[in-house]
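Keep the sequence and the 3D view at hand while reading.

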Amino acid sequence: MSSLPPFRIGQGFDVHAFGEGDHLMIGGIAVAHTQGVLAHSDGDVVIHALCDAMLGALALGDIGQHFPPSDPQWKGADSAAFLTHCNALIAGEGGWRVGNADITVICERPKIGPHALAMRERLAGLLGVALSQVSIKATTTEKLGFTGRGEGIAAQAAVLLVQG
């Protein structure tokens, strides 16, 4: 059996339905919106997808296994704590770190572009990486499906982990 290459790739996906509220947590920042999300934690789809990508890259399960929604301690939790935990976990599993993360937010509203730099800065800070290692972009579904009808928000993330 050969040794593993010095990199691992993971992908993650998360979705939350809109509910009552006046803002969304997206990429670690509060974005004003006419609704909030229905979630056990703060419902940050970007951080949740990124955590799943990081955990998946090392076959460490998923965010629900590490922070089960059935556990009351995570009610209303700041998802930044999840990302910090996952980052420490990958470092402890053989010295892995994020080489780069590429995240796509999927929604009709709110518009992500005006907030993308702040999200990148926040995520890079939480991960301890350079701004150039974190990408945030957005797309709509051309008014198709649950995001197109304005019923919720989704995010997908791809991550490259490197050793050292």
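## Where the two helices meet

Which residues in α3 meet which residues in α4? The model is predicted. In it, Ala-80, Leu-83, Thr-84 and Asn-87 are the α3 residues that meet α4, and their partners in α4 are Arg-122, Leu-123, Leu-126 and Leu-127. Sorted by class, the contact of α3 with α4 has five nonpolar, two polar and one charged residues.

The axes of α3 (residues 79-92) and α4 (residues 116-127) come within 9 Å and cross at roughly 40 degrees. Angles under 35 degrees count as roughly parallel and those from 65 to 115 as roughly perpendicular, so α3 is oblique to α4.

## Helix α3

From its first C-alpha to its last, α3 reaches 20 Å; it has 14 residues, and the value is close to the 20 Å expected at 1.5 Å a residue.

Ser-79, Ala-80, Phe-82, Leu-83, Cys-86, Asn-87 and Ile-90 are the buried residues of α3. Seen down the axis of α3, these residues fall within an arc of 155 degrees, so they line one face of the helix. An α-helix has 3.6 residues a turn, so residues three or four places apart point the same way. On the other side of α3, Ala-88 and Gly-92 are exposed. The buried residues of α3 pack against α1, α2 (63-66), β5, α4 and β7 (152-163).

## Helix α4

How far apart should the ends of α4 be? Its 12 residues should span 16 Å at 1.5 Å a residue, and the end C-alpha atoms are 16 Å apart, which agrees.

In α4, the buried residues are Ala-116, Met-119, Leu-123, Ala-124, Leu-126 and Leu-127. They fall within an arc of 160 degrees when seen down the axis of α4, so they too line one face of their helix. Elements that cover them include the strands β2 (23-26), β3 (29-32), β5 (96-106) and β6 (134-139), and the helices α1 (45-57) and α3. Just after α4, Gly-128 takes a positive phi of about 70 degrees.

## A residue in helix α1

Ala-53 lies in helix α1. Is Ala-53 buried or exposed? Its relative accessibility is 0%, so Ala-53 counts as buried. Leaving out residues up to four places away in sequence, Ala-53 touches Gly-10, Gln-11, Gly-12, Ala-157 and Val-159. Asp-42 is 11 residues from Ala-53 in sequence, and their C-alpha atoms are 19 Å apart in space.

Note on methods
Residues numbered from 1 in each chain as written. Predicted model: local features only at pLDDT ≥ 70, side-chain atom pairs only at ≥ 80, totals over all residues. Heavy atoms only, no water. Axes fitted to C-alpha atoms, helices over the stretch in contact; angles between N-to-C directions. Helix = DSSP H or I, 4+ residues; strand = E, 2+ residues; numbered from the N terminus. Parallel < 35°, antiparallel > 145°, perpendicular 65-115°, else oblique. Contact = heavy atoms within 4.5 Å. Nonpolar A, V, L, I, M, F, W, Y, C, P; charged D, E, K, R; others polar. Expected span 1.5 Å × (residues − 1). Buried < 20%, exposed > 50% of the residue type's maximum accessible area, 1.4 Å probe, protein only. Arc of directions from axis to C-beta.
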